[in-house]
Each structure stands twice: as structure tokens, then as C-alpha cells.
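Got the viewer open and ready? Here is a walk through the model, one selection at a time.

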Amino acid sequence: MKCLLIASESAEVLFHWTDPEFQQNIQEQYGASQEEGQGLPAFEDSISTLFAPIIISCSTMVDRLGDSYTSFTTENNHIYILHQFDECLYIAVNGDGEEGEDDLRRKIYVMKKMIEVLFGMVTLSGKLLRKELRPQDTEQRARLWKHLQSLLETYSHLRENDQSFLVEAVERLIHPTLCEQCIEFLERRLVQQLNSSVERAGEEVLHAFILVHTKLLAFYSSRNASTLATSDLLALIIMAQNMYPSNVDLDDPGPEVENTNNCPESFYTPEPSPTDRDSNVRGSTPVFEFMDPDIQMAEDSLQTLEVPPPDPSTPRRVFLEVSSKDGIYPMMPHSMYCLPLWPGITLVLLTKIPTNAVATSVYKFLEAFAKLERRLSEGQEGSAATRGQLTIHDIRGKLDKFIKALGPSELQSAQLQNVWTEFKNRAFARGGSGFNRDLIPWCKNMKTQLCGIYRQCFLIEAGPADIPQRLSPGLQERAQTMVQEKLMDWKDFLLVKSKRNITMVSYPDFPGLIHFICVDRSTGQMIAPSLNITERTTSELGKGPLAQFIKSKVWSLVRTTRCFLQKGYSTVTLRDGDFYFCYFLWFENETGYKLEAGDIPILPDDSAPIGMLAWDYYRKLLRYYSKNHQGEVVKCYELLTVHLGVIPTEIILQHCRQLASKLWEPSRNPLL
């Protein structure tokens, strides 16, 4: 019984996802109210009718009180979480008890993050975002909603089964020699050859990385590239998994051969697995499954419109954070090429597009108008509203040049020119009103027009007569072949390694230690022993009830520690039956010296979820803590451990100290 809905303030459905149980419940609820002889109402109409009172009541409370409720529980124990982002209301529902408030709130924020990655700065304009999320063309809407639904399902699957998405940090494959060779190969051969080719159509490869399932084998960034944020990298991994889902039973080589002669373990070579959506381990049951032919003919029976499989040669436009000397620029356009090497192994290329400078200019202009609008809303007028850095006075000449460079031929450019002229007449002319509250609607209008230019440049697909601006299919194929040749002898090993990256056997000095997760929040990387519960793979805990029980305990521990961290606690120890759990968060400087613990900020219950994917809590925490350590590079670490309860407490704490110091070496690889 799960649902996620995005709606406008007028209760128009902009996106919805439901599981089969929730869908069936709605059909039964609204089908029973239909008169005899009439068919069931269209599903979108039913879901709109169900949520309309909630949406309208939220809008009314915001208008009259300036605030609204963020969660409630119904008599039948259905949990509703609501969050308003500008003009869009997100509602997440759970009725089967499998998700709590934090899980639903996290799902909302992740959905918002994925929409930002797909639509960029268009999300800053409610009017334009509504048009993007709900296109008038039914088939286009079907493709978009199906894609968003698939991304949400992929994230939910990863969060429930992958430790890296549980703690929201990137996990690297631990094989220093091979990793180093692959990074060198990406730098000196692949990226260099791609960027020197005449077939790149003006694009420049900034980042290249190889994924084995969700784990990072090698990552290379060119000298001209900024650091790729952990939040963006996790979002890209979700997109890669969504395009080419990992089927752990089929992608991996066969089960281990029993070792009776003290020989090294050997593995069978796997059969190739299908790469279409049917191979998804999450099942091939469609989200919506209507049997009534009348319903299948309805406009919004989106499940009947099949979405074609992705074309590897067609890049995805993604919008990622870029840091430069001038500052941080969010949602800058890139092209993402996801090239499958073998089932479970993927090469991802991120390129800078030729018109990238337009996005940088648009963001600066948007920032200036948003700052002016905020100050005018606070009652600051005249010169007080235009103080500080990057003011309207500073960008006036730049915006004139920007509009002139766009040219008057495009309708969007002409509209921007007209609104900007009217704004200048009101703000700068002698007879104008000057900088007062009357300018607020014109600030909003300018932001909408700028977002429209951004949309025209980066989101609207080129016409058939236009020359496609992307790496040529032949160049992509050569890149794919080069990496395949490099990894041909390693592919089976990599697929096994991704499931047995680290094992507890590697840590014999810690008797009674069952499991641990260590995260470097400064770099967004994590280390943890493998914890796979599948039919064909097994860990040291086996693959029966015990392994599943330990896994559920680990997932529960992470949720519990987040609740305590939200309340300002950086250390948690608790006993649960036969197990003893520990959690530590601490700070170090560059030399590895542990800094004294300070107060952790206490967050409200309805704050953004703690993590690095949807909202980088740890970046803000590091910034907060670094205020008292000026001139030092401060790093943040987390350690979670699970011990047998019979181990004395002092031994457990000693283990935690030794494990923390042993895990992270200068090479950033654990001791194996």
C-alpha cells in the first residue's frame, strides 16, 4: 500500500506512482460508487478525487496561516507525509507498515532530487515545471511518468538491498592494482582519445567512470572538471541502474565450486543476461494493470503505452553541480552516456556541452533577482535592497549583452527582452517606482523568463533538420570496445568481487564482530563487508534466516542512529537481544588527529532526511563544525558496528577504536 503524488496548488496531478495494492484499493473504493452499467473511472481521475481535499486544505492553510501540516495518520494506520516545494505539493503514503515517516520523507526528497537532475533550473519556475511534468501530449506524458516511476522503483530497490544506498555513500571495488590501472587507462587513453576526436561535436568529456553493479571500479575527472558531488554521483548510479538493471542471479558467475584440494576458489562463467526491463529483479509486473478495455482506452491509462528501451547512443541530459573559483553553480547541463560493457558492468561518460556558459549566466541572473525579491519581501527598499554582491546594478549591463547575444528571432528571447525593458523602466527610470514592493511581481516574471531561456537551450529537443550535438555513435562504439578489451580478462572476477568486495574473514583480530559500516563523509565513500541475501550468492552468515535477520538489524540500526543524530547525539550504544550495536560520528584534521567533539545541531522532526543523496546534511555539518577550526581541513567519519552481546563492553569499544584507525589508510583502501 504505497503511493507518491506530485500535485499543483489547484489539485492538478503532475505525477503519480502507486504499487498494485494501492491501485487496487482505489479501484475498489471508487468502482463501488459507480452506477450500474458504467465503467470504472479513469485511474488518474480517481487518484485526483482521493487527494483533492488534502491538497485544497493544505493550500488554504498556507494562504491563511502561512503554514500547513506535514504528516498525519488515518484511522486505518495509513501514514501521509506532505511537503510543499514552491508551487508543487509532494505527498507520500504508506499503508502496509513497511515504511515510516523518515522513509516517506526521504522518498519525497529523492524524487525532488531526481527531477532536478532531469530538468535543472526549470524546477525554479513553478509554471514551467508544471508544463514539463504534465505535457499536453498524452504519449509524451506516458513516457515521462513511466521513466520517473521506474527511477523511483529503482531507488527503492537499491535502498532496501544495497548498503551504499542505505547510508547514501559510494562504495568502491577494493582492488588497488586493477583500480589504478583502470584510472590510468581512462586518463591516458580513453578520455584523451575522445577529447581529441573531431567526432565529439564540441562536447568535452569531463568525467568517466566504470560501474560494476552499483560499485565504483574506477573514476577519472579531467583537469578542467570540478569535483563531482556525491549527491550527483549517487543519482547517476540510480539512472545507470535504471537503464541497465542488475540481475544478481543472472549477471554473476555461477556458484562457487566446492574446494576439496586446497586450491583457489573457482567460478563458472555466467551466461549473458538480458538487458531489457524484463531482467529486472524487482519483477516485471507493471505499475498499472487494468483489465477493463474501457479503462485501457482512457487518456491516462499510461501503462498501456510501452516505453521503448533506451538507445545507448542517445545521451541523457542531466543537470549537475559545478564548483569553480567564482562559487558553486547548481544544475549545470551535462550529457550522460551510459554504455553497457557486459551485464552488470557499465561505462559512464559525462560531457560538457558547448553552450554551457549560457547556463552559468542564467544562474547568476536568477540569483540576483531572487536576492532582490527576498529583500523587497522583507521590507527593504531603495538602496538597502541592492546592497551586497551580485546586485541588479552589477548585472544590468551583462543582462543587456546576454539578451543581445541571444538574438530577437526566438519568441522566448523577445519575451525576455520585453519583460526586462519594463523592469528597467520601473526600477531605474526617473519616473519609475524604484526599488519597492511593486517590483516583486516583475522579479518573479524575470525569473520565469530566464528559466524559459534555460529550458529552450537545454531541454527542448532539436528538430530533425538540426545537427545533433553529441558524441558520434561510432566514437561511442570505439570507447565501448576499448574498455571491453581492457577488462575482458577481468569481467567474471569483477562480477564476483562486487558481491564479495570485503568479507569479515579479512578481520580476524576482532572476535565477536559480526558486521560494520564505515563512512568517510568528507569524500562520500563507504566500506562494509558484503551482505548479500540471494538464492545463488551467500555470505559468511549463510543465506538462511540468520543472514536475513542480521541484514534487517543493520537496516534498523541505521534508521535508529539517524533519529539520534537528528536530536544532536554523535554516539549511540544499545543492546538488542543477543547483539550489541555501536554508532560513532567524529571529526579529524588532515593529519588524522581526532578533534574534540562539539555540539551537533538539533534538527526539527520535519526537517530534510539525514543523508547525502537528496540533501547533503554532512556538507552542512562540516561547514558548521569548521567555524571553530579556521585554517584546518576538517573531515567527518561515521562507524557502525554489530557485535555479539556476550562480548564485554570494554572489548567492543576497544574494537571500535582499532577498527576506525585500521580501516582508512592513506591509499583510501582498507587493509585486506
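Helices and strands on this tour are DSSP runs numbered from the N terminus, where a strand is a run of E with at least two residues. Keep in mind that you are looking at a predicted model.

**Stop 1: isoleucine 6**

Select residues 2–8. That is strand β1, and isoleucine 6 sits in it. Is isoleucine 6 buried or exposed? With a relative accessible area of 0%, isoleucine 6 counts as buried, because the cut-off for that is under 20%.

Now show what surrounds this side chain. Setting aside residues up to four places away in sequence, isoleucine 6 touches Glu12, Val13, Leu14, Phe15, Cys88, Leu89, Tyr90, Met111, Ile115 and Leu133.

**Stop 2**

Next, select 88–94, which is β5. How many of its residues are buried? Seven of seven, so the strand is mostly covered. Look at the side chains: Cys88, Tyr90, Ala92 and Asn94 point one way, while Leu89, Ile91 and Val93 point the other way.

**Stop 3: the core**

Colour the nonpolar core next. The largest one has 116 residues, and those with the most contacts inside it are Ile6, Phe51, Ile91, Phe369 and Phe423. Zoom in on phenylalanine 51: leaving aside neighbours within four places in sequence, it is in contact with Cys3, Leu5, Phe22, Tyr80, Ile91 and Val93. There is also a second, separate core of 35 residues, which includes Leu166, Phe581, Phe587 and Met612.

**Stop 4: helix α4**

Select 126–133 for helix α4, where Gly126, Leu128, Leu129, Glu132 and Leu133 are buried. Turn the view to look down the axis: these buried residues fall within an arc of 160°, so they line one face of the helix. What covers them? Among the covering elements are β1, β2 (13–18), β5, α3 (101–119), α5 (138–161) and α14 (440–458).

**Stop 5: a five-strand sheet**

Look for an open sheet with the strand order β8-β7-β11-β10-β9 and antiparallel pairing. Its edge strands are β8 (215–221) and β9 (316–324), each pairing on one side only. Neighbouring strands here are turned by 30° against each other on average, direction ignored.

Follow β9 to β10 (residues 327–342): the two pair in the antiparallel sense over eight bridges. One place to check is arginine 316, whose bridge partner in β10 is methionine 336. Bring α3 back, and you will find it lying across β9 and β10, at about 95° to β9.

**Stop 6: two crossing helices**

Select 356–377 and 392–406, helices α11 and α12. Their axes come within 11 Å and cross at roughly 140°, and the crossing is left-handed. On the α11 side, the contact is made by Val358, Ser361, Val362, Phe365, Ala368, Phe369 and Leu372. The α12 side supplies Ile392, Ile395, Lys398, Leu399 and Phe402.

**Stop 7: a six-strand sheet**

Last, find the open sheet ordered β6-β13-β12-β16-β15-β14, where the pairing is mixed. Which strands are at the edges? They are β6 (170–171) and β14 (571–576). Start at β6, which runs parallel to β13 (residues 525–527) and is joined to it by two bridges. Valine 170 has glutamine 525 as its bridge partner in β13.

Helix α18 (residues 617–626) lies across β15 (579–588) and β16 (635–644), at about 55° to β15. Helix α19 (residues 649–663) lies across β12 (513–520), β13, β14, β15 and β16, running at about 140° to β16.

Technical notes
Residues are numbered from 1 along each chain as its sequence is written. This is a predicted model: local features need pLDDT of at least 70, side-chain atom pairs count only at pLDDT 80 or more; totals for chains, interfaces and linings use all residues. Side-chain values use heavy atoms; hydrogens and water are left out. A nonpolar core is a set of buried Ala, Val, Leu, Ile, Met, Phe, Trp, Tyr and Cys residues joined through side-chain atoms within 4.5 Å. Buried means under 20% relative accessible area, exposed over 50%, partly exposed in between (1.4 Å probe, protein chains only). Contact means heavy atoms within 4.5 Å. Helices (H or I, at least four residues) and strands (E, at least two) are DSSP runs, numbered from the N terminus. The arc is that of the directions from the helix axis to the C-beta atoms. Two strands pair if DSSP finds at least two bridges between them. Axes are lines fitted to C-alpha atoms, for helices over the stretch in contact, and angles run from 0 to 180 degrees between N-to-C directions. A crossing is left-handed if the near helix is turned anticlockwise from the far one by less than a right angle, and right-handed if clockwise.
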